Amino acid sequence: MRVKFTIPHNLVIVFSIVIFAAILTWIIPGGKYERETVSVNGVERSVIVNGSFQYVDSQPQTWQIFSAFYKGFINMSHIIVFVLMIGGAFWIMNDTKAIDVGIFSFLGFTRNMERYKPVRFLGVNNIIITLIMILFSFFGAIFGMSEETIAFAVIFVPLSISMGYDSLVGVALCYFAAHIGFAGAILNPFTVGIAQGLASVPMFTGIEYRIVAWIIITIAGIAAVLWYAARIKRDPKKSPMYEADSWWREKGSSHIEEIRYYTPLSAWITALLTGIVLILFAVKYPVTTMKVGLSEISAPLLPVFAGLFFITSIITLRKSIHFFVLNILAFTMIYLVTGVLGFDWYIMEIAALFLAMGVVTGFASARKPGEITKLFVEGVKDIVSASLVVGFAGGIIAILTDGQIIDTVLHSLSGALS
């Protein structure tokens with residue numbers, strides 16, 4: 001009798017890794033580096049003191065595998081809250097069916113592009129995958145985009161499945177691509193910026209080498225995703241996410257015909273009030289200084305964005321509430337990039353931005369406060385499993401830290417690479 005192998009639950013996999021990490025604390029000797037707090041580019045960082053490694057009494061972990069999860073949730077709380085808020089906000093947006101309409105319209109546009117011979121030769125889907133990955137890889141290389149891609153995955157996963165691929169391709173379009181760029185690190189302030197600041201070398205020197213490295217690894221990453229995507233396109237059952245993606249495949253585009261296109265009065269009122277808020281921000285911050293590496297570019301971005309919001313809102317509202325919601329989503333992404341580069345936004349500000357997006361979307365679609373809250377809670381429930389994985393994964397770091405073997409591993413790696 002042949003037993004069919006099934007992939008264990010995510011939490012089972014993470015828990016197994018925690019147990020394995022606990023076993024390592026009994027094998028690997030404990031070690032510790034001295035650390036000091038330094039200020040680099042106005043940001044305080046805890047860094048290792050060179051040559052300060054020494055072996056210490058290890059702390060083998062046993063029952064701590066259970067308390068490690070508590071510590072993991074505490075240490076990763078900012079990411080967990082970020083994921084929950086994005087899940088709730090996008091659930092409100094999904095209720096309007098705007099993303100469904102947007103995906104259906106986008107697929108229709110791509111089909112029309114196939115009438116051009118060069119596009120048909122290259123494959124319109126291949127072009128789309130390549131361009132999106134180059135964009136996110138560039139974001140990762142320039143300003144270190146990382147956790148921010150969680151918000152984009154909510155959009156690209158259903159789009160990818162609608163194009164005949166799977167959710168892994170959707171995640172690769174933004175998350176994998178951004179981390180390729182993060183590794184290339186042309187002007188990444190979180191890696192190159194800090195390292196060169198600590199080394200007291202001219203900031204972002206050696207950029208020519210990193211550009212070449214970024215191009216090579218980006219091409220390699222895109223090629224790998226295109227190969228995998230083509231393989232799944234030919235036989236969707238080869239995807240390890242085939243069963244998990246079944247809901248999106250069955251959903252298809254047939255439900256689009258049932259959507260009623262309309263624009264409620266609440267959408268016009270919401271657009272006006274949102275526009276006024278954007279104007280107030282534009283008045284307070286008439287000029288935005290965008291920081292990219294050592295370069296700074298100052299421009300009246302917020303006034304321009306406020307004006308564009310009014311224009312695009314009128315155009316989209318005349319078509320349907322769905323296109324206005326997509327307009328809100330587009331400007332959310334615009335303000336996200338502007339906030340990160342111009343105002344040093346991080347997890348808290350980005351989470352607040354998406355929460356505002358969800359609330360504005362809810363009121364625009366004529367939802368009452370109680371209904372918006374209910375939708376938000378449903379979204380949180382839907383994404384809570386992913387949040388649990390983040391917290392449980394934090395337990396791995398907690399076990400290795402409490403067992404005092406992380407520094408030993410780092411010391412061994414540095415010795416092997418030197």
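**View 1. Asp-402 and Lys-71 are joined by a salt bridge, with 2.6 Å between the closest N and O atoms.** The pair connects distant parts of the chain, since Asp-402 belongs to helix 16 (residues 369-402) and Lys-71 to helix 2 (residues 64-75), 331 residues apart. A salt bridge is here a side-chain nitrogen of Lys or Arg within 4 Å of a carboxyl oxygen of Asp or Glu, while helices (H or I, at least four residues) and strands (E, at least two) are DSSP runs numbered from the N terminus. The model is a predicted one, in which local features need pLDDT of at least 70 and side-chain atom pairs count only at pLDDT 80 or more, whereas totals for chains, interfaces and linings use all residues. Residues are numbered from 1 along each chain as its sequence is written, and side-chain values use heavy atoms, with hydrogens and water left out. Asp-402 is partly exposed, at a relative accessible area of 28%, and Lys-71 is partly exposed as well, at 35%; buried means under 20% relative accessible area, exposed over 50%, and partly exposed in between (1.4 Å probe, protein chains only).

**View 2. Arg-35 and Asp-407 meet through their side chains in a salt bridge of 2.9 Å, N to O.** This pair also links distant parts of the chain, with Arg-35 in strand 2 (residues 35-40) and Asp-407 in helix 17 (residues 406-417), 372 residues apart. Arg-35 counts as partly exposed because its relative accessibility is 42%, whereas Asp-407, with a relative accessible area of 7%, is buried. The structure holds four salt bridges.

**View 3. Asp-95, Arg-367 and Glu-371 are linked in a network of salt bridges.** Arg-367 is partly exposed at 28% relative accessibility, and Glu-371 is partly exposed with a relative accessible area of 32%. Ala-366 lies in the loop between helix 15 (347-364) and helix 16, and Ala-366 is partly exposed with a relative accessible area of 47%. The phi of Ala-366 is near 65°, a positive value in a residue other than glycine. Most residues other than glycine have a negative phi.

**View 4. Gln-404 lies in the loop between helix 16 and helix 17.** Gln-404 has a positive phi of about 60° although it is not a glycine, and at 25% relative accessibility Gln-404 counts as partly exposed. Gln-404 and Gly-30 are 374 residues apart in sequence, yet their C-alpha atoms are 5.0 Å apart in space. When residues up to four places away in sequence are not counted, Gln-404 touches Pro-29, Gly-30, Gly-31, Val-56, Asp-57 and Gln-59, a contact being heavy atoms within 4.5 Å.

**View 5. Lys-97 occupies the loop between helix 3 (77-95) and helix 4.** Lys-97 is partly exposed, with a relative accessible area of 35%. Leaving aside residues up to four places away in sequence, Lys-97 touches Ile-259 and His-322. The C-alpha atoms of Lys-97 and Ile-321, 224 residues apart along the chain, are separated by 9.6 Å.

**View 6. Helix 4 (residues 98-113) and helix 7 (residues 149-162) have axes that come within 10 Å and cross at roughly 45°.** Axes are lines fitted to C-alpha atoms, for helices over the stretch in contact, and angles run from 0 to 180 degrees between N-to-C directions. Helix 4 and helix 7 are therefore oblique to each other, where angles under 35 degrees count as roughly parallel, over 145 as roughly antiparallel, 65 to 115 as roughly perpendicular and the rest as oblique. In this contact, Ile-103, Phe-106 and Leu-107 of helix 4 meet Pro-158, Leu-159 and Ser-162 of helix 7. By class, the contact of helix 4 with helix 7 comprises five nonpolar, one polar and no charged residues; Ala, Val, Leu, Ile, Met, Phe, Trp, Tyr, Cys and Pro count as nonpolar, Asp, Glu, Lys and Arg as charged, and the others, Gly among them, as polar.

**View 7. Helix 6 (residues 124-143) and helix 8 (residues 167-184) have axes that come within 6 Å and cross at roughly 45°.** That angle makes helix 6 oblique to helix 8. Residues of helix 6 in the contact include Ile-129, Met-133 and Phe-136, and those of helix 8 include Leu-173, Phe-176 and Ile-180. The residues of the contact of helix 6 with helix 8 divide into 13 nonpolar, three polar and no charged.
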